[in-house]
Every structure is written in structure tokens, then in C-alpha cells.
Amino acid sequence: MKTVKWMGVVAVCFLLMAGTAPRVLAQDAAAKDAKIGVWQNNVELGLNLLQNSYSKNWNGGEKGSVVWTGNLDARFEKQLNKKTNWRNTLKLVYGQTHQQDRDAAGELYWKRPDKTDDLVDFESLFRWTPESGWDPFVAVNFNSMFQDLTDAQGRSQSLNPKKFKESAGMARSLIDTEDRKLMTRLGVAFIQNSRSFFVEDAPSTETQSESSTEAAAEMITEYSSKVLDGAVQWESKLSLIMPFSYSGKSTFEDEVDLAAAGLPDDLADYTTALDVDWENTFSASITKALSVKLFVRWVYDKYDNSVTPLVEEGNLINAADVAGAIRKAGQFKQTMALGFTYKFM
């Protein structure tokens, strides 16, 4: 109940803010008309690299490493006419760390690389943009990873798990200037999760796929601004998702003995708890091709709903996977990188 009340307070504050705050427009009507029917494209390619290595007989005690991350941030937006807008965003990130280690003879060798970053995220947002400033919208989203390495026996899967989301509601652009943008949207979302897992021990690679569905209320706020006299670009995205139904919830409530499986008795409530995802990116260009980027993300997802409970004869057969999907505390991620960046406009 506390979470529901908190979500309601946020929604009320948004409605009050949206109803009283003016819609700031830095461009005049003529400039806006000039952009109608023209794609506004922004594509950024980046590569961050840190490397050092030593010969096999190096006796200084150091170990070599190679850390690299490649990313693609793309945005394609078009004001189709005065009353419709279509925006597509794509984020691809993948990175690895390669490290040296010493064998029993004291010689250096390269270990198997570890994954350090992985993201596949696509969204297509269509808005009707009447002069009132309240924009009805529909959106579709796909989220996954290039490589799933969560298997305890070291096996990997491509594009697993997969999340598809369709949403609709109302959007409000509160600030829309050359240097600052703020848009909030409220709506309902329908989510389909798909996750495959290995059915036998290694070296078998046979997998089985399971799916689940969710229906949720959603609030997403996006903000971008130039700070420090324009030297740093700040982009922030706050996503609040409150599921009000989950296809696997009844399984936790009625079909299994959670205590016998070593799981919390109130696990069913975790599946419909408020999910929070707050991303912040600070980037500064040193030269046209060299940039510094700081990324900070905080996630609160009490239960990963892509992990569907599987039951046979009243027993939860994937109890270890379910336990691994529980995150009672928030998750924090921070990366800072200096690397090469190329922008297409």
C-alpha cells in the first residue's frame, strides 16, 4: 500500500506541474515549420580502450589487461506534420575485460575475457502533438543483451532474456529549447518477457524457453541539458513501472510451498512491486573525436519478472533461478570512460 500511495503522489505532482508550468518554446513558428517533414538524426559511435601487457617471463609482478567498450547511440526523429511526431532511439553497448594471470610455473597467460557491459535497447515513440501540449502517444520497446552469461557452468546464450513492451498514454513536453528539454509521459504498458535456460548440465547446450506477461502503470521522465556553461551534456531518464498483474504471480501464491524451497513467503508481492530505473549520462568533448563520458544508473527491481516459476507435481523446479531473480536492495552501476567518439548529424 505504501508503494501505491507513493506512486499516486508522484502522479499527482506531475499533473499539478504539467497543468501550471508553461510550455517553453525557444524556436518561433517559422523555424518549427522548417523542420516539419525533415528527419532530425543524431548517431554517435564510441570506442573506449585501456590496454597493457607483459611478456610471459616478466618478473615485476604486474599483469596485463585489455578493457574495451563499444557503443552506438542513435536517435531519428521526424515531425511528420504539425500534429504528429515520430521518434526512434537505439542504444547498443558491449564491452569486455581481458586479463592476464600466472600459471603454476609463474608464467603469464591470457584468461577467458569477462563481460563488462551489455545492452540492446530500442524504442519507437509516436506522438500526436496538438497545440494544447497534451500529447497522446503509443510506443513499442525491445530490450535484451547480446550475450547472457548468467549460467553457473559458463555457458552463454545470445539475446537472452528478451523484453517486448507496448505502451500508450499522454505525454507532456514541459521544456523544449535548444539547450534544455524535459518531457514526461504517463500511461499503461503491456510487457511480454521471454527467457531461455539450459535444461541439462554442461556440456549440453539444449535450452528451453519460457514466457510471462505483465500489465503495468508507467511514468517516464526524460531530461537533457547543457551544464557548466555548455561544456558538459547531461541526459537523464527516470522510469517508474508499477505492475498490477503478472502471469506468474498466482503460481507463487497457490501452487508451490515457498518456505520449503527456501524462498520468502511474500514472494508473490515482489512481482508487482514498483520498479525504478534512473539513468544519468554526463559527456564532455575534448576534441571532435575524443570525449569523456560518465554513466550512472540506479535500478530497483525487487523481482525479475522474466524468470517464470516452473512447477512439476507441486515442486518448484527452478528454485535457484527464482532465488537469483530476487533483488531486495537497489542495484548501482557506474562507468567512466575516455575514448573515441564519432557523431553523424
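Let's start with Trp39. Trp39 is partly exposed, at a relative accessible area of 36%. On that scale, buried is under 20% relative accessible area, exposed is over 50%, and partly exposed lies in between, using a 1.4 Å probe and protein chains only.

A word on the source. This is a predicted model: local features need pLDDT of at least 70, side-chain atom pairs count only at pLDDT 80 or more, and totals for chains, interfaces and linings use all residues. Residues are numbered from 1 along each chain as its sequence is written, and side-chain values use heavy atoms, with hydrogens and water left out.

Now, aromatic pairs. Rings of Phe, Tyr and Trp (its six-membered ring) pair if their centres lie within 6.5 Å; planes under 30 degrees apart are stacked, over 60 edge-to-face, and the rest tilted. How many aromatic pairs does this rule give? The count is nine. Take Trp39 and Trp86. Their ring centres are 5.6 Å apart and their planes stand at 55 degrees, so this pair is tilted. The pair links distant parts of the chain: Trp39 sits in strand 2 (residues 39-52), Trp86 in strand 4 (residues 84-102), and 47 residues separate them. Strands here are DSSP runs (E, at least two residues), helices are runs of H or I with at least four, and both are numbered from the N terminus. Trp86 is partly exposed too, with 32% relative accessibility.

Next pair: Phe126 and Trp128. This one is edge-to-face, with 4.9 Å centre to centre and 75 degrees between the planes. Phe126 is partly exposed at 22%. Trp128 is partly exposed at 37%. There is also a cluster: Trp68, Tyr94 and Phe146 form one aromatic group.

On to charges over rings. The rule: NZ of Lys or CZ of Arg within 6 Å of the ring centre and within 35 degrees of the ring normal. Arg172 places its charged end over the ring of Trp134, 5.1 Å from the centre. Arg185 lies over the face of Phe137, 5.5 Å from the ring centre.

Now look at Tyr342. Where is Tyr342 found? In strand 18 (residues 331-344). Which residues does Tyr342 contact, leaving aside neighbours within four places in sequence? Val43, Glu44 and Leu45. Contact means heavy atoms within 4.5 Å. Tyr342 and Leu47 are 295 residues apart along the chain, yet their C-alpha atoms are separated by 9.1 Å.

Last, the whole chain. The protein chain has five helices and 18 strands. Of its 345 residues, 37% count as buried. Among contacts with a separation of 6 or more, 63% join residues 24 or more positions apart.
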